[in-house]
Amino acid sequence: MLLDALTALEGHLDNLILVGAQAVYHHTGDADLNVPLLTTDADLAVNTRDLSGTPEIGSLLRAAGFTPGPNPGHWVNVGDVAVDLMVVPHQAGTARASARAARIAPHEKLTARIARGLEPALIDNAPVTITAFEADDDRTFELRVAGPAALLTAKAIKISERLGQADDQPDRLKEKDALDAFRILQAIDTPDLVAGFSSHSTDEHAREATAEAIEVYRTHASTANGRIAQLAASAAHEDPTVAPAFAALVADLLAAL
């Protein structure tokens, strides 16, 4: 499904960065967890800097069999598999706190949604060759994939926002997001994460997002009883080793930072 979206958006690939679970799995594989890697949807950050107005994104996706979902930026194909297009707030074309849809005219109004936490992904990424799993599908694309530190930042901010909403909207708190963060911490050496976080300091928006994320991990994941550490353990079928390991890895990272 990702390849279908990339085929449709080929004229804009230079402005797209793969984020979300598929980007996490690119870096981590199975990370030695007894939990299957299962994701069908694709998450793409849109860097609107130098984004061309043509071809118009909504028209491209519709022509490829995608239709707009109930939320801005959510495009669903005939197999009910989705691609989500997201824009960071400072590129969203609106300062309204209640706005959910980015204004990236001449692209249609609901093309992409506003998403905090992806700011580091715009600078902390690297090109990767994306290929199909099926032997009879020879499509390949060069697509930028967010780095591990950028993904840790995005996960922390997403989880933090949903922790704040959990009392009123408990269904929005996804255990898998915490487990994805744990996968990264397990799979990526601490010096490499530190280097990634350091690269975020070159951009004010990335720097602010990363500082916020680090405090989220300090508050909610630096002890085994922290809420994020516990969410990861729950997602790992209550594996008793996950929460202490999560906390130890976070403590390591915080000390190195």
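At what angle do the axes of helix α5 and helix α8 cross? They cross at roughly 100° and come within 7 Å.

## Basis

This is a predicted model: local features need pLDDT of at least 70, side-chain atom pairs count only at pLDDT 80 or more, and totals for chains, interfaces and linings use all residues. Residues are numbered from 1 along each chain as its sequence is written, and side-chain values use heavy atoms, with hydrogens and water left out.

## α5 against α8

Helix α5 spans residues 175-187 and helix α8 spans residues 227-235. Helices are DSSP runs (H or I, at least four residues), numbered from the N terminus. Axes are lines fitted to C-alpha atoms over the stretch in contact, with angles from 0 to 180 degrees between N-to-C directions.

E175, K176, A178, L179 and F182 in α5 meet I228, L231, A232, S234 and A235 in α8. Contact means heavy atoms within 4.5 Å. The residues of this contact are seven nonpolar, one polar and two charged.

## α6 against α9

Helix α6 (residues 190-199) and helix α9 (residues 242-256) have axes that come within 10 Å and cross at roughly 55°. The crossing is right-handed.

From α6, T190, L193, V194 and F197 meet D252, L253 and A256 of α9. Five of the residues in this contact are nonpolar, one is polar and one is charged.

## K155

K155 lies in helix α4 (residues 148-165). K155 counts as buried because its relative accessibility is 7% (buried means under 20% relative accessible area, 1.4 Å probe, protein chains only). Beyond neighbours within four places in sequence, K155 contacts V24, D177, D180, A181 and Y217.

Definitions and conventions:
Helices (H or I, at least four residues) and strands (E, at least two) are DSSP runs, numbered from the N terminus. Buried means under 20% relative accessible area, exposed over 50%, partly exposed in between (1.4 Å probe, protein chains only). Ala, Val, Leu, Ile, Met, Phe, Trp, Tyr, Cys and Pro count as nonpolar, Asp, Glu, Lys and Arg as charged, and the others, Gly among them, as polar. A crossing is left-handed if the near helix is turned anticlockwise from the far one by less than a right angle, and right-handed if clockwise.
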